[in-house]
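Keep the viewer open as you read.

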Amino acid sequence: MNDFEAALDLLARDDPDPSIGEAAQRRAEERLELMRRAKYSFLLWAQDNPETDPAAIAEARQFLADHPPLQRALGTGESA
């Protein structure tokens, strides 16, 4: 967990209105899912581009290993 994720988790736990904390948690989960999808797309692209930095490939693979797919649909972007 990076500093930003830790701060979001802390805010979600300390929020006096649980629904706001839950919304913040959902947004954080969705941001991670979007990042996971971007890393996956990068790996697909890297298969056809042999000049891709091996360290970037390793980092993307590690991110995917550390972050399983979100087991729910992403939000629509509308405010709750």
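## Glutamate 33

Glutamate 33 sits in helix H2, which covers residues 18-47. This is a predicted model, so treat every distance below as a value computed from predicted coordinates. Is glutamate 33 buried or exposed? Its relative accessible area is 4%, so glutamate 33 is buried, given that the cut-off for that label is under 20%.

What does the side chain of glutamate 33 make a polar contact with? One partner is the side chain of arginine 37, at 2.9 Å. A polar atom of the glutamate 33 side chain also lies 3.0 Å from the backbone nitrogen of leucine 70. Setting aside neighbours within four places in sequence, glutamate 33 is in contact with Pro68, Pro69, Leu70 and Leu74.

## Proline 69, seen from the other side

Proline 69 belongs to the segment after H3. With a relative accessibility of 40%, proline 69 counts as partly exposed. Along the chain, proline 69 and glutamate 33 are 36 residues apart, yet their C-alpha atoms are separated by 6.6 Å. Once the residues within four places in sequence are left out, the contacts of proline 69 are Glu33 and Arg36.

## Glutamate 30

Helix H2 also holds glutamate 30. Its relative accessibility is 18%, and because buried means under 20%, glutamate 30 gets that label too. Which backbone nitrogen does the side chain of glutamate 30 reach? That of glycine 75, at 2.7 Å.

If you skip residues up to four places away in sequence, glutamate 30 touches Leu70, Arg72, Ala73, Leu74 and Gly75.

Helix H3 takes in residues 54-66, 13 residues in total. From its first C-alpha to its last it reaches 18 Å, close to the 18 Å expected at 1.5 Å a residue. Which residues of H3 are buried? They are Ile57, Ala60 and Phe63. Looking down the axis of H3, these buried residues fall within an arc of 125 degrees, so they line one face of the helix. The face turned away from that buried side carries the exposed residues Pro54, Arg61 and Ala65.

## Around the rings

Phenylalanine 63, one of the buried residues of H3, has a charged neighbour: lysine 39 lies over the face of its ring, 5.6 Å from the ring centre. As for aromatic pairs, how many does a search of the whole structure find? The search turns up one.

## The whole chain

Stepping back, the protein has three helices and zero strands. Read along the sequence, the pattern is α-α-α. Of its 80 residues, 22% count as buried.

Now for the contacts across the chain. Consider those between residues at least 6 apart in sequence: 60% of them join residues at least 24 apart.

How values were computed
Residues numbered from 1 in each chain as written. Predicted model: local features only at pLDDT ≥ 70, side-chain atom pairs only at ≥ 80, totals over all residues. Heavy atoms only, no water. Phe/Tyr/Trp six-rings, centres within 6.5 Å; stacked < 30°, edge-to-face > 60°. Lys NZ or Arg CZ within 6 Å of the ring centre and 35° of its normal. Helix = DSSP H or I, 4+ residues; strand = E, 2+ residues; numbered from the N terminus. Buried < 20%, exposed > 50% of the residue type's maximum accessible area, 1.4 Å probe, protein only. Polar contact = N/O pair within 3.5 Å; in protein donor to acceptor, adjacent residues only side chain to side chain. Contact = heavy atoms within 4.5 Å. Expected span 1.5 Å × (residues − 1). Arc of directions from axis to C-beta.
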